[in-house]
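The sequence and structure are shown first.

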Amino acid sequence: LSKDKQKSAAQAAIDRTRREYKREHKAVSRELRMDAAFVEEERRREKEHQDGKARAKRQKNFAWLENEQASLNQQVRQGGGLLSGGGMGAARAKVKSGKIGFKKGGKF
């Protein structure tokens, strides 16, 4: 090589070996970096898949709860035949009838 022209044969061989070692070291480091990136990408993809399944299950449960609450609210809204309760309507009625004493200008 042109780098080794002015050196002795032994020194040229040492330098050649050193360059070869550095080149191999860089190549191995690059491979390890690429492998680590690939493994991390796969790990993240798997985690996202698992999280997605858990998220879908949670959303399904929330939707069910929301539906149940909506149907309960509808039954309460329809009045005494189905359900009673569900809010401050009972307290308002008691205030109006004088059974509960609230100061004037309060919430009721």
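## The K7–D15 salt bridge

In this predicted model, K7 and D15 form a salt bridge whose closest N and O atoms lie 2.4 Å apart.

## Salt bridges within helix α1

The whole structure contains 8 salt bridges. Among them is the pair E40 and R44, with closest N and O atoms 2.8 Å apart. These residues are 4 positions apart in helix α1, so about one helical turn separates them. E40 is partly exposed, with a relative accessible area of 28%, while R44 is exposed, at 56%.

E41 forms a salt bridge with R45, and here the closest N and O atoms are 2.8 Å apart. E41 and R45 are likewise 4 residues apart in helix α1, which means that about one helical turn lies between them. E41 counts as partly exposed at 45% relative accessibility, and R45 is partly exposed at 45%.

## A nonpolar surface patch

F62, W64 and L65 make a nonpolar surface patch of about 370 Å². F62 is located in helix α1, which comprises residues 9–78. With a relative accessibility of 53%, F62 counts as exposed, because the exposed class is set at over 50%.

Definitions and conventions: Residues numbered from 1 in each chain as written. Predicted model: local features only at pLDDT ≥ 70, side-chain atom pairs only at ≥ 80, totals over all residues. Heavy atoms only, no water. Patch = residues over 30% accessible without salt bridge, like charges linked within 9 Å, V, L, I, M, F, W, Y side chains within 5 Å. Areas by Shrake-Rupley, 256 points an atom, 1.4 Å probe, with all protein chains shown as cover. Salt bridge = Lys/Arg side-chain N within 4 Å of Asp/Glu carboxyl O. Helix = DSSP H or I, 4+ residues; strand = E, 2+ residues; numbered from the N terminus. Buried < 20%, exposed > 50% of the residue type's maximum accessible area, 1.4 Å probe, protein only.
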